[in-house]
Amino acid sequence: MSQRPFLLYAALTPNGHPITVFLEELKAIYPGIECEAMVSQNESNDRSRNNFIVFETSAVLLYLVQHYDKDLKFGFVPAKDPVEYSVLLQWLLFSHGGLGPMQGQAVHFHRFVQEDMPYPKKRYHEETKRLYGVLEMRLLDRDYLAGPGRGHYTIAVVKAWPWCHAAAAIATLDEWPNVKAWLKSCLDRPGTELGTKVLNPST
């Protein structure tokens, strides 16, 4: 049996799911993109490009768009669409440096630290809520975070929605109805259903 082009090491976390989901989205448009996934730290080995290694979820997503999304269904070329590319990059990094880390810390102090630590619990919980508020405003008159008009499904979305779906530090999304509706539209995609099962086939 021939090796699949990609060897992906990823964890069962909101950092791992964006890559497996995005690969399923790519496969739906470009048949032949296959991936062998293993549960570990986030890293992708591109066997079709001299075993080139890419790590960090956002970097892997950008790499996949650059080399495998030839019709640019999920991204933009900086030289051709500098404004749209900049907007996409901003929202991608919003999740990479804000939504993910802040919610991760909120979950850590609420669920895994045995002693009661009021300050970090409040600090990260409130920051998570603030970031959800930013998403809510962005989605006020848009369907997606990036793209012209009402936007379209890009890697900025792929990076963001798993954290909102996990929402372990937030009891309900009712306070942010636009985020809640946007998340449902992401979860209803076939690529989401297939991609979230890659690392955990029993789900």
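Which residues does Thr-128 touch, not counting residues up to four places away in sequence? Thr-128 touches Met-102, Gln-103, Ala-106 and Ile-170, where contact means heavy atoms within 4.5 Å.

This is a predicted model, in which local features need pLDDT of at least 70 and side-chain atom pairs count only at pLDDT 80 or more, while totals for chains, interfaces and linings use all residues. Residues are numbered from 1 along each chain as its sequence is written, and side-chain values use heavy atoms, with hydrogens and water left out.

Thr-128 lies in helix α4, and Asp-141 lies in the loop between α4 (118-138) and α5 (155-166). Helices (H or I, at least four residues) are DSSP runs numbered from the N terminus. The table sets out the accessibility of the two residues; buried means under 20% relative accessible area, exposed over 50%, and partly exposed in between (1.4 Å probe, protein chains only).

| Residue | Relative accessibility | Class |
|---|---|---|
| Thr-128 | 1% | buried |
| Asp-141 | 51% | exposed |

Asp-141 and Pro-120 are 21 residues apart in sequence, and their C-alpha atoms are 34 Å apart in space.

**Aromatic pairs**

The structure contains seven aromatic pairs. Rings of Phe, Tyr and Trp (its six-membered ring) pair if their centres lie within 6.5 Å; planes under 30 degrees apart count as stacked, over 60 as edge-to-face and the rest as tilted. Phe-109 and Tyr-124 form a stacked pair, at 5.8 Å centre to centre and with 5° between the planes. This pair links distant parts of the chain, with Phe-109 in helix α3 (residues 82-112) and Tyr-124 in helix α4, 15 residues apart. Both Phe-109 and Tyr-124 are buried. Ring pairs also join Phe-22, Phe-74, Tyr-144 and Tyr-153 into a cluster.

**Arg-189**

The charged end of Arg-189 sits over the ring of Tyr-153, 3.7 Å from its centre; this requires NZ of Lys or CZ of Arg within 6 Å of the ring centre and within 35 degrees of the ring normal. The side chain of Arg-189 also meets that of Glu-25 in a salt bridge (2.8 Å, N to O), defined as a side-chain nitrogen of Lys or Arg within 4 Å of a carboxyl oxygen of Asp or Glu.

**Two domains**

The chain is divided into domain 1 (6-71 + 191-198) and domain 2 (82-189), with bounds from an automatic or database domain assignment. Between the domains, 16 residues of domain 1 are in contact with 15 residues of domain 2, and the count of salt bridges is one.

Note on methods. Helix = DSSP H or I, 4+ residues; strand = E, 2+ residues; numbered from the N terminus.
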